[in-house]
Structures are given as structure tokens and as C-alpha cells.
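Q: Could you walk me through this structure, beginning with how you decide what counts as a charged pair?

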Amino acid sequence: AEETQQKTRNALIQILAFMGSKITNRMMELLANESSATKRKLLHEVLVRSGPASLPVIKEYLSDDRWFVVRNAASLLGDIRSQESLAELTLLLQHDDIRVRRETIRALTRIGGKRAINILLQTAASDDQDLRRQAILSLGAMRATVASPTLLSMLKQKGWSQRGIDLKKDTIRALGEIRDPAAIPELLKIITKRRWLHKQLNDELRVAAAAALGDIAEESTRAALEKATNDKATTVARAAAQALMQLDKANT
């Protein structure tokens with residue numbers, strides 16, 4: 001019965017999607033007013049299957065007064081994955097509601113490509129603290145090697161506020177996910193640098209650096225990681241041991 005239901009659902013989606021822009025406006029109206037998550041998901045699937053043909057109508061909803069309607073429209077643009085949507089999504093990064101701005105970052109990440117990466121790089125350097133962190137992590141998830149120089153320069157910024165350290169930890173994590181060997185010298189510098197002042201915050205950075213080196217998994221980092229397994233800070237020692245395991249796994 002469940003299989004039949006799924007087949008019926010897929011057939012319905014295909015029929016509705018085939019009708020394209022003729023029913024897009026009605027679908028968007030229904031999506032804006034539907035309280036059932038299951039039905040919203042179905043409507044979302046139909047609109048995504050409609051593809052670029054539905055873009056003009058979806059974009060009209062980006063200026064709606066209701067934040068959740070704008071968020072839904074941004075999510076649709078992300079799932080349709082058309083480069084044509086990037087200009088509108090860039091403007092949405094200035095939206096009053098943080099939930100819309102966050103969904104916009106997710107949409108840009110799904111669309112991908114050089115232009116989306118450049119937009120995310122600009123956001124990573126903006127004043128919007130919430131979006132900066134999300135943009136940085138998105139660049140890591142996209143494995144955007146082109147972002148490495150910007151991310152590395154962010155690591156060199158001075159300051160020891162918790163907010164600043166959290167941002168640096170996200171930056172280190174992103175560099176690990178990108179797996180660019182160019183990040184290794186800076187990460188080694190972080191893991192080997194001990195401080196008495198701001199020790200706890202510095203150790204948080206060192207733990208993150210060890211994890212990132214484990215992700216990059218280059219043999220040239222082995223000596224530094226082995227040394228770090230004997231570090232007085234147990235969190236750093238554990239992170240270095242874990243990184244060595246990843247290194248061994250990658251090179252067997």
C-alpha cells in the first residue's frame with residue numbers, strides 16, 4: 001500500500017510539474033497558507049520539479065511581508081539550483097529576519113558554483129555574526145579551495161573574545177573540510193603554540209587545528225601530531241591522537 005501511495009504521489013508530482021508556470025502561482029498560494037508539514041513538502045516537491053519555468057513566480061514571493069513565505073521561496077530557489085537566482089538571493093542576505101537570511105545561505109550553498117562561492121566569501125567577511133559563521137561552514141561543506149586564502153587571513157586576526165574564537169574554530173573546521181594542503185603551515189603554527197594567557201581559548205583553537213589536520217591527512221603533519229599526543233592539555237592530546245588515526249587510515 002505504501003509503495004502504491006508513493007507511485008501515485010510521484011505521478012501526481014510529474015503531472016503538476018509538467019503543467020509548469022500555469023499552476024505555479026496557485027501552488028505558491030497554497031504553500032503560503034498550508035499548515036500541514038506533509039502537504040507543504042508535497043507542494044515544495046511539485047514546484048521544484050517544475051524547474052526553472054517556475055522561477056519568475058517564485059521570485060515574486062521574495063518581497064512578501066510574511067517572513068516564512070520568503071523563507072519558503074528562498075528554499076525553493078536553492079532546490080531548483082539555477083544560477084539565475086543568485087542576484088535575488090544576494091539581496092535576501094539583507095532581509096530583516098535572521099531565519100530568512102539563514103535559509104538564503106543554505107540556498108546559495110545548494111546552488112554552488114563560483115558566483116555563489118564569491119557571495120559566501122563576502123558574507124564571511126560581513127558584520128552579520130550569525131551569517132558569517134554559517135557562510136564559513138558552508139564554504140567548508142562545498143570544499144571551496146578558492147576560499148582558502150580568505151579563511152587563512154581570518155585566522156590571523158587578533159583578539160581573544162569568545163565570539164572571535166568561535167569564529168576562528170569554524171574557520172579551522174572549514175579549512176579541514178576543504179582539505180587544501182596550503183592550510184597546513186598555519187594549522188601547525190596553531191597546534192604548536194602554547195599560551196599562559198587565554199590558555200583555555202587557545203587550547204580550543206589547538207583542538208580544532210588537530211581535527212582539521214586529521215581531515216587533511218597529509219603525511220608531513222605526522223611528527224607534529226605525534227608530539228601533540230603528549231601535550232599537557234588532555235583535550236589537545238586526544239584530538240592529536242584522533243588525527244593520527246585518520247592519517248593512518250588515509251594512508252593505508
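A: A salt bridge here is a side-chain nitrogen of Lys or Arg within 4 Å of a carboxyl oxygen of Asp or Glu. This is a predicted model, in which local features need pLDDT of at least 70 and side-chain atom pairs count only at pLDDT 80 or more, while totals for chains, interfaces and linings use all residues. Residues are numbered from 1 along each chain as its sequence is written, and side-chain values use heavy atoms, with hydrogens and water left out.

Q: How many salt bridges does that rule give?

A: The count comes to 20 salt bridges. One of them joins the side chains of Arg 101 and Asp 128, at 2.8 Å from N to O.

Q: Where do Arg 101 and Asp 128 sit?

A: Arg 101 lies in helix H7 and Asp 128 in the loop between helix H8 (114-124) and helix H9 (129-141), so the pair ties together parts that are 27 residues apart in sequence. The helices are DSSP runs of H or I with at least four residues, numbered from the N terminus. Both Arg 101 and Asp 128 are buried, where buried means under 20% relative accessible area, exposed over 50%, and partly exposed in between, with a 1.4 Å probe and protein chains only.

Q: And which residue does Lys 169 pair with?

A: Lys 169 forms a salt bridge with Glu 204, their closest N and O atoms being 2.8 Å apart. Because Lys 169 lies in helix H11 and Glu 204 in helix H13, this pair ties together parts that are 35 residues apart in sequence. Lys 169 is partly exposed, with a relative accessible area of 25%.

Q: Which residues are linked in a network of salt bridges?

A: Arg 194, Lys 199, Asp 203, Arg 206 and Asp 231 are linked in that way.

Q: Let's stay with Asp 231: is it buried or exposed?

A: Asp 231 is buried, at 9% relative accessible area, and its place is in the loop between helix H14 (222-228) and helix H15 (234-250). A polar contact of 2.4 Å joins the side chains of Asp 231 and Arg 206, and the side chain of Asp 231 also reaches the backbone nitrogen of Ala 233 at 2.9 Å. A polar contact is a pair of N or O atoms within 3.5 Å; within protein, one must be able to donate a hydrogen and the other to accept it, and residues adjacent in sequence count only if both atoms are side-chain atoms.

Q: Switching topic, what is the volume of the largest pocket?

A: The volume is about 400 Å³. Of the 15 residues that line this pocket, the closest to its centre are Leu 155, Trp 160, Lys 168, Lys 193 and Arg 195. A pocket is an open set of points on a 1 Å grid over the protein atoms alone, where a 1.4 Å probe fits, with protein on both sides within 12 Å along at least five of seven lines, and lining residues have an atom within 4 Å of a point. The volume is the space filled by probe spheres set on the points, which are joined across faces, edges and corners.

Q: Which element gives the largest share of the lining?

A: The largest share of the lining, 3 residues, comes from H12.

How values were computed:
Helix = DSSP H or I, 4+ residues; strand = E, 2+ residues; numbered from the N terminus.
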